[in-house]
Amino acid sequence: MLIVSRRPVSIRPPAFHSVLLRSSRYNLPVTPAVKDLHFRLATPADIPRIPPLIEASVRALGPQAYSQSQIEQSLGTWLGLDTQLVVDGTYFVAEVLASGALAACGGWSRRRTPFGSDHRPGRDDALLDPKTDAAKIRAFFVHPGWARRGVATRILELCEQAARTEGFSTAEMGATLTGIPFYRRHGYQEGLREDLPLANGEVLPIVRMSKAL
Ligand SMILES: CC(C)(COP(=O)(O)OP(=O)(O)OC[C@H]1O[C@@H](n2cnc3c(N)ncnc32)[C@H](O)[C@@H]1OP(=O)(O)O)[C@@H](O)C(=O)NCCC(=O)NCCS
């Protein structure tokens, strides 16, 4: 009952409640960790809370594939919050039931910008056509204390279901190198590698990945 009172009913799309009740389509067990979390759409009140979560995630989990310098240069530009997704009602957070802290965030988009934060160069907020375009999977970040406990899996399920409900039949993303094993595990196939320019002249390599929904 406490859980219900926390939900931002006003911005949730009609299909959301039924999505929450579905069991995992990836046949991963519902871990005790996931049961300790409340998955809901992000609200404007979450906007200041999300960047610290993203920074904690990238600083702890990013070094598996990137240098410290690449990480610091990417935070706030390529890696960060796109508030348009919050406004659109397509960005989720996982909140710790016991404390209210954020454990993870991630979302999808019906707009053309493929990845990156509010401050990335070359944004394009034009709407995609679900009949011909792929929905964008966007900005998944899990707090290191909650990693490898199925949290991002649950958010990905919510995103894919919501995109399917809007008529998309394909999803794609620009995956960080640290994200590739996760997306591969969920059926995404690797495409072209892209080197995103950083302010200090280095690059951030990412890989385009996609799958049929
Ligand atoms: C990538 C990320 C979102 C995955 O989140 P997560 O909640 O730990 O993922 P899950 O627990 O749902 O993982 C599900 C499966 O994906 C695969 N997987 C996830 N992370 C993996 C890793 N680091 N190495 C290898 N496989 C991994 C595993 O098969 C895992 O199942 P298992 O733990 O039973 O082996 C998280 O590591 C993260 O936030 N990384 C830093 C930020 C980042 O790079 N985000 C991606 C942006 S595109």
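Predicted model: local features only at pLDDT ≥ 70, side-chain atom pairs only at ≥ 80, totals over all residues.
I then went to Arg49, which sits in the loop between strand 1 and helix 4. Arg49 has 16 C-beta neighbours inside 10 Å and so counts as partly exposed. The C-alpha atom of Arg49 is separated by 8.9 Å from that of Ala101, although the two residues are 52 residues apart along the chain.

I traced an open sheet of seven strands, with mixed pairing and the order 1-2-3-4-5-7-6. Its edge strands are strand 1 (37-41) and strand 6 (189-197), each of which pairs on one side only. From one strand to the next the twist averages 25°.

I followed the pairing from strand 1, which is joined by five bridges to strand 2 (residues 91-96), the two running antiparallel; here Leu41 stands opposite Phe92. Strand 2 and strand 3 also pair in the antiparallel sense, over five bridges, and I noted Leu102 in strand 3 as the bridge partner of Glu95. These two strands form a hairpin with five residues between them, and in the turn Gly100 has a positive phi of about 85°. Strand 3 and strand 4 are again antiparallel, over five bridges, with Gly107 standing opposite Arg138 in strand 4.

Is strand 3 mostly covered or mostly open, judged by how many of its residues are buried? I found it mostly covered, since eight of its eight residues are buried by the criterion of 20 or more other C-beta atoms within 10 Å.

**Helices on the sheet, and the core**

I looked next at helix 4 (residues 50-61), which lies across strand 3 (102-109) and strand 4 (135-142) and runs at about 75° to strand 4. Helix 7 (residues 151-165) packs on the sheet as well, touching strand 1, strand 2, strand 3, strand 4 and strand 5 (170-176), and its direction makes about 25° with that of strand 3.

Which residues touch the most other members of the largest nonpolar core? Of its 48 residues, I listed Ala104, Cys105, Phe141, Val151 and Ile155. Helix 7 gives the most to this core, with eight residues. For Ile155, not counting residues up to four places away in sequence, I recorded contacts with Phe39, Phe92, Ala94, Ala104, Gly106 and Phe140.

**The ligand shell**

I found 22 residues surrounding the ligand, the closest being Leu61, Ala152, Thr153, Gly179 and Pro181. At least two residues of this shell come from each of helix 4, strand 4, helix 7, strand 5 and helix 8 (180-185). By type I divided the shell into twelve nonpolar, seven polar and three charged residues.

**The whole chain**

I ended with the totals for the protein chain, which has eight helices and seven strands. Of its 213 residues, 37% count as buried. Among contacts between residues at least 6 apart in sequence, 74% join residues at least 24 apart.

Note on methods. Residues numbered from 1 in each chain as written. Pairing = 2+ DSSP bridges. Helix = DSSP H or I, 4+ residues; strand = E, 2+ residues; numbered from the N terminus. Axes fitted to C-alpha atoms, helices over the stretch in contact; angles between N-to-C directions. Contact = placed C-beta atoms within 7 Å. Buried ≥ 20, exposed ≤ 12 C-beta atoms within 10 Å, placed from the backbone. Core = buried A, V, L, I, M, F, W, Y, C linked by C-beta atoms within 7 Å. Near = placed C-beta within 6 Å. Nonpolar A, V, L, I, M, F, W, Y, C, P; charged D, E, K, R; others polar.
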